[in-house]
Amino acid sequence: MGLKVYINGKFYPKEDAKISVFDHGLLYGDGIFEGIRCYNGHIFKLNKHIDRLYNSAKAIALRIPLTKDELKDAVKATLETNNLNADSYIRLIVTRGIGKLGLDPFNCSESQIIIITDFIELYSKELYEKGLDAVIVPTIRNHSEALNPKIKSLNYLNNILAKIECINAGAAEGIMLNKDGYVAEGTGDNIFLIKGNKLITPPTCAGILVGITRNTVIELAAKEGMVVKEEQITRYDLYVADECFLTGTAVSIIPVVKIDGRAISSGQPGNITLNLLNKYQELTKQRSD
Ligand code: PMP
């Protein structure tokens with residue numbers, strides 16, 4: 001049986017899962033989304049993803065025509081319909097809906113809810129073991145007062161431009177600075193460094209997506225007795241870090257071993273990073289939210 005996609009309460013075979021070319025999600029990137037992981041049949045941090053989605057909707061004045069519980073049920077039903085009870089990835093999308101060829105979002109029809117379940121592997125197993133090399137890219141992260149990175153919107157061009165720069169530089173991931181020159185985040189992940197006994201990550205005011213994995217890692221590290229700081233990070237801080245890693249729903253935790261040609265410490269994934277990855281993997285096996 002082929003993959004089925006949820007669109008507005010109905011399931012369609014993958015080939016027939018289509019939305020209008022007049023949807024403002026396509027015309028203007030006007031919409032929001034979440035990337036969610038399902039580990040061994042259990043949806044990891046579902047409530048947190050749903051809360052962030054509704055916050056994104058509020059921020060762009062988009063009405064989601066379902067309650068949070070109804071939407072959670074729709075996500076679960078999509079997994080069940082696809083018999084996905086192992087590890088999988090869920091893409092939950094809400095678009096502005098069908099409208100005219102003008103910006104006005106309020107003449108659009110009801111927003112469209114799309115749920116795709118599939119598998120995702122952003123980086124090879126080898127990169128998790130060896131660590132990846134990153135570059136700091138020229139494109140800065142969106143200014144918070146232009147398009148706040150806290151909104152997980154369908155408009156990802158800022159990140160895509162950065163990704164192009166990182167690919168052109170031959171690196172696996174690009175690190176974006178903010179308008180003040182401080183480190184913000186990766187093109188699709190949050191960043192952490194370890195210096196001495198401290199785990200440091202940029203504060204939310206640095207202009208970042210407030211990652212659910214980021215917050216989970218902060219909690220995990222605190223439980224492990226580490227000193228966790230949300231502090232402004234400079235390029236220099238990254239170069240001289242003892243360890244560095246990226247976090248995200250799709251990637252979980254991946255070590256960074258080189259930045260702009262500088263080896264991070266010995267150029268091998270650090271022990272604290274590997275320990276946190278281990279702890280994170282244990283957590284994903286638990287059936288708690
Ligand atoms: N930053 C950006 C720009 C992202 O797109 C993502 C998600 N892919 C993240 C950070 C990580 O967020 P989360 O841990 O909630 O997946």
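The charged end of Arg262 sits over the ring of Tyr239, 4.1 Å from the ring centre (a charge sits over a ring if NZ of Lys or CZ of Arg is within 6 Å of the centre and within 35 degrees of the ring normal). The model is predicted, so local features need pLDDT of at least 70 and side-chain atom pairs pLDDT 80 or more, while totals for chains, interfaces and linings use all residues. Residues are numbered from 1 along each chain as its sequence is written, and side-chain values use heavy atoms, without hydrogens or water.

Five aromatic pairs were found (rings of Phe, Tyr and Trp, the last by its six-membered ring, pair if their centres lie within 6.5 Å; planes under 30 degrees apart are stacked, over 60 edge-to-face, the rest tilted). The rings of Tyr6 and Phe11 are edge-to-face, because their planes stand at 70°, with centres 5.7 Å apart. Tyr6 is buried at 8% relative accessible area (buried is under 20%, exposed over 50%, partly exposed in between, with a 1.4 Å probe and protein chains only). Phe11, at 31%, is partly exposed. Phe33 and Tyr156 also pair edge-to-face, with centres 5.3 Å apart and planes at 65°. Phe33 is buried at 9%; Tyr156 is partly exposed at 22%. Tyr39, Phe44 and Tyr280 form one aromatic cluster.

The ligand is surrounded by 17 residues, and Tyr156 is among the closest (a residue is near if one of its heavy atoms lies within 4 Å). This shell has three nonpolar, nine polar and five charged residues (Ala, Val, Leu, Ile, Met, Phe, Trp, Tyr, Cys and Pro are nonpolar; Asp, Glu, Lys and Arg charged; the others, Gly among them, polar).
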